[in-house]
Protein chains: 2
Amino acid sequence: MYTVSNALKAVLDHVPIPGSERVPLVESLGRVLLESIVVPEDVPAFSKATMDGFAISADDVAGIGGYVPPSGLLRLRVVDSIVAGRISSRRLNSQEAMQIMTGAPIPQNCACVVPVERVQVDVPDPEWVGVPVSQMSSGLNILTAGAIARRGEVLLKGGIHLRPAQIGAMAELGIVDVLVSRRPTVSIVSTGSELVPSGASPGPGQIRNSIQPMLTAQSLTAGALPQVLGICDDDPKHLRLKILEGLQADVLVMTGGVSVGIRDLVPEQLLLAGVKRVFHGVWMKPGKPVWFGVFRSDSHTCLVFGLPGNPVSSLACFELFVRPALGRFLGLADPVPCTAVLSQRCQVRGDRPVYQPVVLSGGNGTLEAQPVSWTNSADLLAMVTANGFACLEPEHGAYDEGDAVEVLPWGIGNW
Amino acid sequence: MYTVSNALKAVLDHVPIPGSERVPLVESLGRVLLESIVVPEDVPAFSKATMDGFAISADDVAGIGGYVPPSGLLRLRVVDSIVAGRISSRRLNSQEAMQIMTGAPIPQNCACVVPVERVQVDVPDPEWVGVPVSQMSSGLNILTAGAIARRGEVLLKGGIHLRPAQIGAMAELGIVDVLVSRRPTVSIVSTGSELVPSGASPGPGQIRNSIQPMLTAQSLTAGALPQVLGICDDDPKHLRLKILEGLQADVLVMTGGVSVGIRDLVPEQLLLAGVKRVFHGVWMKPGKPVWFGVFRSDSHTCLVFGLPGNPVSSLACFELFVRPALGRFLGLADPVPCTAVLSQRCQVRGDRPVYQPVVLSGGNGTLEAQPVSWTNSADLLAMVTANGFACLEPEHGAYDEGDAVEVLPWGIGNW
């Protein structure tokens, strides 16, 4: 039987190359970038003041141009005032200053900007200012053209979720659209004659279909477009139709009917529909009966997952196998293992690795995993506080508080 | 001048009570729950098998009913087969068994389920099975009604983002709609005569409006509904109109024009429009000129933020003040301080607390903060790798690798 890591590798090996589309920058939040973003021009494009103050000429900063009184104040004539968005038509000469605002382009022959609060304005005659020579230092309070980035530098590489600061940075560079991956479609079929829609009242022996709303939400948080195909009876004809419909999507997720019971018809019907089985069963708890296969037609590939019908099992199988597959489909880097510290003792029952629901928190400089107690694989209610799994190995024996464990945070949104 | 924590407290004190609306459960992903969810019925509603196998009567489990051969196998007659969704019409008697599937309701007088792989089926006469007495133990492989949750228990309390497992759990309970907070509207006005839309080519001395797409994306990740009001010249009449328009929203965010330059007209125009100033200036770097006030009319409150026009300053002010305000508006708990460990030495320049952009990562059991080098508050391009701020205090002096620092992770999506 496959281990979790073998099974994950087998899944990822079958994911097709991401499709792409070009979207307006303002609609790219949370999408996965598929191109390199190259700086098209120097940033800033022109040298500018970083403070409100007075522009001083290179001549005066170099000490050329004359007598400095014992006060240390150089008396300069204010010849212009430059606000952001305006360029002074004049060259700045010795014994002159120009008032300048933050962000405004510095005039020609300007070597530094002295902040307004350091300058003495001549009250009877505001055309003159007294500027301390001690404050004049070449380059001070000037952001030179190209100081932030040079034309041709790579700002962003593909394979990342686009976040607000990145969108802002691209807007600054004048980028109006970006190449991102196409969002995969995920068909979701819940099988089981005992299921009723979650809004309905279950009759005797029936249960509500809680897995479908959960998988729909999980698919959304993974950046996919879910397509809900409803409930399917444990009936070969009905299954066949739903499977044909579901195979049109990029990913088909079926729940229930993958174990070894007399009504577990899903694997057989998938094979009959032309889906090639890659594995059936993974050495893990919960989720052992999970099934995975691939359907290929001339122009289309569909990854097919048969998840166990227990809610916790299907939640675990989605996070372990379906989410990474969707991530690779979107062009993201594959997930890397992550370690946390157990906040309490923990037993492993049985001989399979246990994916123990935990609350992950990072408050005090360490990443902590607090196990959540759960009754069994049907106990979805225990999962409402959890936000990840810790992988507990049976060979390890009992776990102590403070032991390091590998953890898998559940997907928390796509940006 | 206000400290960051005083300023944040002042902002939060002015946030109105969250508005609410009822939405279908399937549309509630990422929304903030505003009610307690109470378990309406025992879960599971009926006692059920947790394995495929054979249901054994309480009489046989209690050892009543006769002779056990030396093989240890009790020979039982199979009188029914129960699949999930069906109820057996019969009572299970001594010396009888019923085939039962995972999830199916156990019959009357059943005390345990013995897994199919432990049972010997009588090949010539499959109406009889041999069940090891050693496998019969009361309660084994049965999930009792109410074992997961009892009617009246509180499953979820308000004030949390709804995530997939929670949606699944509510679906299981038959909940079809939930009370969530109303998403606040955020008007965004960029002021500055030097600005051109980010898609346009800047003329001499002009710059692209990169802040607006960034703040739009930040607002979305905070769960708000952004309303882009475009660029506004540094002109009192134009400002007045934009402010009147912006005050219709729950939050008005203006950028630029809040410093002490000759074109910094925003605070005056806000006061003229009837906005009551709460503070102007916070002892921090970047973002010192930030302005905050409140507008109240008969039926409406608008929180008004004037953010500095430098991209990094406005990013910081959004994360420090606007995002927590939106969080409280949505009914979330206020952010709690979070600590990480510096991955390299770090200098604090100047006398104000510095909000240093960092890359936060939690790979190896510790939460690490890697400082990002940035040129100045205009350097949005340096922010593309960062995902949080570390707060560096000038009194601390130089920071060493391994020092603990308070960090503020940037918003990473609303579920």
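Q: What covers the buried residues of H1 of chain B, going by the elements that the cover includes?
A: In this predicted model, helix H1 of chain B spans residues 4–13 and has B:Val4, B:Ala7 and B:Val11 as buried residues. What lies over the buried residues of H1(B) includes, from chain B, strand S18 (276–280), strand S19 (291–296) and H7.

Q: Within what arc do the buried residues of H1(B) fall when seen down its axis?
A: B:Val4, B:Ala7 and B:Val11 are buried in H1 of chain B, whereas the face turned away from that buried side carries the exposed residues B:Ser5, B:Lys9 and B:Asp13. In an α-helix there are 3.6 residues a turn, so residues three or four places apart point the same way. The buried residues of H1(B) therefore line one face of the helix, and their arc is 65 degrees.

Q: Which strands stand at the edges of the six-stranded open sheet of chain B, each with a single partner strand?
A: The open sheet of chain B runs in the order S7-S4-S6-S5-S9-S8, and its pairing is mixed. A strand with a single partner has one side left without a neighbour in the sheet, and this applies to two strands of chain B, S7 (110–115) and S8 (120–121).

Q: Which residue of S9(B) is the bridge partner of B:Val121?
A: Strand S9 of chain B, residues 128–132, pairs with S8(B) in the antiparallel sense, and the pairing extends over two bridges. In S9(B), the residue bridged to B:Val121 is B:Val129.

Q: How many nonpolar, polar and charged residues has the side of chain B that touches chain A?
A: The copies meet through the same surface, because 100% of the interface residues of chain B are also interface residues in chain A. The contact takes 84 residues from chain B and 84 residues from chain A. Elements giving two or more residues to the chain B side are strand S11 (154–156), helix H3 (164–172), helix H4 (211–221), helix H7 (311–329) and strand S21 (338–342) of chain B. By class, that side has 48 nonpolar, 29 polar and seven charged residues.

Q: What ipTM does the predictor give the complex?
A: For chain A, the mean pLDDT is 92, with 98% of its residues reaching 70 or more. The complex as a whole is given a pTM of 0.91, together with an ipTM of 0.90.

Q: Near what omega is the peptide bond from B:Lys285 to B:Pro286?
A: A cis peptide bond joins B:Val43 and B:Pro44, with omega about -10 degrees, and B:Pro44 is found in the loop between strand S2 (37–38) and strand S3 (48–49) of chain B. B:Pro286, in turn, is found in the loop between S18 and S19 of chain B. The bond from B:Lys285 to B:Pro286 is also cis, with omega near 0 degrees.

Q: Is A:Asn141 buried or exposed?
A: A:Asn141 has a phi near 60 degrees, a positive value in a residue other than glycine, and its place is in the loop between strand S9 (128–132) and strand S10 (142–143) of chain A. A residue is buried if 20 or more other C-beta atoms lie within 10 Å of its own. Since A:Asn141 has 23 C-beta neighbours inside 10 Å, it counts as buried.

Definitions and conventions. Residues numbered from 1 in each chain as written. Chains lettered and ligands numbered in written order. Predicted model: local features only at pLDDT ≥ 70, side-chain atom pairs only at ≥ 80, totals over all residues. Pairing = 2+ DSSP bridges. Helix = DSSP H or I, 4+ residues; strand = E, 2+ residues; numbered from the N terminus. Contact = placed C-beta atoms within 7 Å. Nonpolar A, V, L, I, M, F, W, Y, C, P; charged D, E, K, R; others polar. pLDDT = per-residue confidence, 0-100. Buried ≥ 20, exposed ≤ 12 C-beta atoms within 10 Å, placed from the backbone. Arc of directions from axis to C-beta.
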